[in-house]
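Subject: Structure for your review

Dear colleague,

Please find below the structure that I am handing over to you. My notes on it follow, and I would be grateful if you read them with the model open beside you.

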Amino acid sequence: MIPFAYYEESAAALRAKISGFQPEVLMVLGSGLGYMGDIVEDPIVVPYGEIPHFKVSTAPGHKGQLVFGTLSGRRVAVMQGRMHHYEGYSYEEIGFPIRVLRLLGCSNMIVTNAAGGVNLDFNVGDIMLITDHIKLFMESPLRGPNLEQFGTRFPDMSFLYTPAFQTAARESAKELGLTLREGVYMYWPGPQFETPAEVRLARTLGADAVGMSTAPEAIVAGHCGMQVLGFTLVSNMAAGVLPQPLSGEEVNAAAEAARERFSKLLLTCLPKL
Ligand code: HPA
């Protein structure tokens with residue numbers, strides 16, 4: 001159980017480093033989009049290792065730093081590198097940075113991921129607006145004594161992915177002439193990809209995409225009263241959909257290929273949040 005004092009200590013250390021800058025939107029970016037941290041204007045970069053109680057992300061391609069500054073005229077904090085349960089982090093640890101940024105004043109979060117397409121109408125390279133998620137496996141990031149400073153014991157998840165933000169995303173896609181899919185993201189802890197039978201199960205349960213992140217972060221953000229906008233890049237069709245094996249390289253290549261389109265969408269959404 002991480003004590004509230006740890007969150008406050010991290011927030012205080014960050015406040016000292018960003019001298020008066022108040023971020024509005026936290027961006028937790030998945031494969032291929034971490035580079036958005038590099039295009040932040042007037043950046044203040046803080047490596048995770050310099051923030052008390054922060055864990056360092058080990059996933060390949062994840063830099064492990066927070067970038068504060070401006071994107072599309074909004075004050076943002078970009079997490080370059082997120083934590084996954086499969087790396088060995090607890091769900092509580094995965095939620096830690098989100099709560100710290102909440103203490104710094106962030107009331108909105110954009111979260112992205114690469115995931116496997118479960119919906120047979122989807123294609124590799126599609127971007128899906130997350131309208132809801134399913135997280136059946138393993139415990140909640142909110143397990144343990146509730147920290148009332150952040151939110152209530154039994155938080156409502158009915159509008160976790162903020163409806164007004166979804167509208168903003170649809171409008172942004174339209175402006176850009178970009179096809180935006182919509183659907184339900186189903187969380188799987190990984191690191192192994194799902195089996196074809198698990199993917200059929202996911203489809204039966206109403207999932208449109210399967211992936212190994214996002215849901216824990218969204219739950220923590222929702223609990224502490226943040227508004228959430230989530231997108232999935234369909235980096236591969238999920239196991240069993242096509243007669244071929246999956247690989248991490250394929251995921252990264254698809255994420256890189258989509259990065260310009262995907263980042264344009266985020267930059268267009270930002271002023272509307
Ligand atoms: N399954 C789970 N996570 C993923 C996938 C997938 O097919 N693709 C990218 N991340």
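**A threonine and its surroundings**

Leaving out residues up to four places away in sequence, T112 touches V28, L29, G30, L33, R82, T214, F231, F262 and L266. Please bear in mind throughout that the model is a predicted one. T112 belongs to strand β5, which spans residues 108-117. Is T112 buried or exposed? Its relative accessible area is 1%, and the limit for a buried residue is under 20%, so T112 counts as buried. The side chain of T112 also reaches the backbone nitrogen of G30, at 2.8 Å.

In soluble globular proteins, nonpolar side chains tend to be buried together. In this model the largest nonpolar core has 51 residues, and the members that touch the most others are L26, L66, F68 and M109. Helix α2 (residues 91-103) supplies the largest share of this core, with six residues. Another core lies apart from it and has 31 residues, including Y35, L71, I110 and L270.

Not counting residues up to four places away in sequence, L66 touches L14, I44, V45, V46, Y48, I51, F54, A77, V78, M79 and L101.

**Helix α5**

How many of the nine residues of helix α5 (residues 215-223) are buried? Eight of them are, so the helix is largely enclosed by the rest of the structure. The buried residues are A215, P216, E217, A218, I219, V220, A221 and H223. They pack against β1 (25-28), α2, β5, β6 (127-134), β7 (180-187) and β9 (227-237). Just after α5 comes G225, with a positive phi of about 80°.

Helix α3 (residues 163-176) and helix α6 (residues 248-269) have axes that come within 9 Å and cross at roughly 120°. On the α3 side, the contact is made by A168, A169, S172, A173, E175 and L176. On the α6 side, K264, L265, T268 and C269 take part.

R170 is also found in helix α3. With a relative accessibility of 34%, R170 counts as partly exposed. Leaving aside neighbours within four places in sequence, R170 is in contact with L129, T131, L180 and E182. With E182 there is a polar contact between the two side chains, at 2.5 Å. R170 and C269 are 99 residues apart along the chain, while their C-alpha atoms are separated by 9.0 Å.

**Backbone features in the loops**

Most residues other than glycine have a negative phi, and most peptide bonds are trans.

- S19, in the loop between α1 (4-18) and β1, has a positive phi near 25°. This serine is exposed, with a relative accessible area of 62%.
- S72, in the loop between β3 (65-71) and β4 (74-80), has a positive phi near 50°. This serine is partly exposed, with a relative accessible area of 28%.
- The peptide bond from G190 to P191 is cis, with omega near 0°. P191 lies in the loop between β7 and α4 (196-205).

**A lysine in a loop**

Where does K63 lie? This lysine is in the loop between β2 (41-47) and β3. K63 is exposed, with a relative accessible area of 52%. Not counting residues up to four places away in sequence, K63 touches D38, Q80 and G81. The C-alpha atoms of K63 and G34 are 7.9 Å apart in space, and the two residues are 29 residues apart in sequence.

Yours sincerely,

A colleague

Methods
Residues are numbered from 1 along each chain as its sequence is written. This is a predicted model: local features need pLDDT of at least 70, side-chain atom pairs count only at pLDDT 80 or more; totals for chains, interfaces and linings use all residues. Side-chain values use heavy atoms; hydrogens and water are left out. A nonpolar core is a set of buried Ala, Val, Leu, Ile, Met, Phe, Trp, Tyr and Cys residues joined through side-chain atoms within 4.5 Å. Buried means under 20% relative accessible area, exposed over 50%, partly exposed in between (1.4 Å probe, protein chains only). Helices (H or I, at least four residues) and strands (E, at least two) are DSSP runs, numbered from the N terminus. Contact means heavy atoms within 4.5 Å. A polar contact is a pair of N or O atoms within 3.5 Å; within protein, one must be able to donate a hydrogen and the other to accept it, and residues adjacent in sequence count only if both atoms are side-chain atoms. Axes are lines fitted to C-alpha atoms, for helices over the stretch in contact, and angles run from 0 to 180 degrees between N-to-C directions.
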